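Trainee: I'm new to this one. Could you take me through it with a few questions?

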Amino acid sequence: MSDVELVVVEDEQELAAVVGERLARAAREGGNVVLTGGKTPELAYEEAAKREGDWSKLDLWWGDERCVPPDHDESNYGMAKRALLDRLQRAPRGVHRIKGELGKEEAAAQYELELGDTRLELLLLGMGPDGHVASLFPNAPTLRQHERVLPAEAGMEPFIDRVTLSIPGLNSASEILFLIAGESKAEPVARAFAAEPSPEIPASLVRARDGRTVAILDRAAAAKLPA
């Protein structure tokens, strides 16, 4: 477990507060931050907006997106807009959403060009109960691809085409921050952070190549980690 810093908090609310404060600090420092989707990140975005209203030094990116319009209920961008962007006093310097409505191939190609060689300072990731991260699913061919941005198919519901950063794309970030809550995540957490890396658990393959990887877990998600 030496390659990941593990931080265990009491519950999802405390997790959201800790991550919200880290995001607020990033907003004050500036740079490039990669957002993720999911219920726990949504709570963290709401907390971040309370803690810092000026995000004008920051560019926001996304680690993955569903191929839907930005106002769709399944849009990761749409969730972040409601939970974070609409609550800020000063908007981010740049908001770089993945245009999923173009279809996975075109959206991936455009995002690859837009991302270019941008240095990513902070990258947020959740993890699914199957161990997937972003839209990289267990044993999927995308786990072996090296382009920074990839078209992808869904490995679980909702079965909607996706666009995702690749393993090398994720691992290029200076700081990778997992935020994981709930007892349904306990088994994959143990396999991701206390066992050998495996394509069966994509989260186990995600580690900052030249920086730090931190996993913030609530007690339920951490329950099966070794003492």
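Trainee: Is E153 buried or exposed?

Mentor: First, this is a predicted model, where local features need pLDDT of at least 70, side-chain atom pairs count only at pLDDT 80 or more, and totals for chains, interfaces and linings use all residues. Residues are numbered from 1 along each chain as its sequence is written, and side-chain values use heavy atoms, with hydrogens and water left out. Now the scale: buried is under 20% relative accessible area, exposed is over 50%, and partly exposed lies in between (1.4 Å probe, protein chains only). E153 has a relative accessible area of 58%, so the word is exposed.

Trainee: Which side chain meets E153 in a salt bridge?

Mentor: A salt bridge here is a side-chain nitrogen of Lys or Arg within 4 Å of a carboxyl oxygen of Asp or Glu. At 3.6 Å, N to O, the partner of E153 is K104.

Trainee: And how many residues apart are K104 and E153?

Mentor: K104 sits in helix α4, while E153 is in the loop between β7 and β8. Helices (H or I, at least four residues) and strands (E, at least two) are DSSP runs, numbered from the N terminus. K104 is buried, at 18% relative accessible area. The pair links distant parts of the chain, and the separation is 49 residues.

Trainee: What is the order of the strands in the open sheet?

Mentor: Two strands pair if DSSP finds at least two bridges between them. β7 and β8 (residues 162–165) run antiparallel and are joined by four bridges. The edge strands, each pairing on one side only, are β4 (64–66) and β7 (149–152). That makes three strands with antiparallel pairing, in the order β4-β8-β7.

Trainee: Which residue in β8 is the bridge partner of V149?

Mentor: Strands of a sheet pair through backbone hydrogen bonds, either parallel or antiparallel. For V149, the bridge partner in β8 is L165.

Trainee: Back to charges: where does R51 sit, given that E21 forms a salt bridge with R51?

Mentor: The closest N and O atoms of E21 and R51 are 3.2 Å apart. E21 is partly exposed at 34% relative accessibility, and R51 is partly exposed too, at 33%. E21 belongs to helix α1 (residues 12–29), and 30 residues separate the pair, with R51 in helix α2 (residues 39–51).

Trainee: Which residues are linked with E21 in a network of salt bridges?

Mentor: The count of salt bridges comes to 24. In the network, E21 is linked with R28, E47, K50, R51 and E52.
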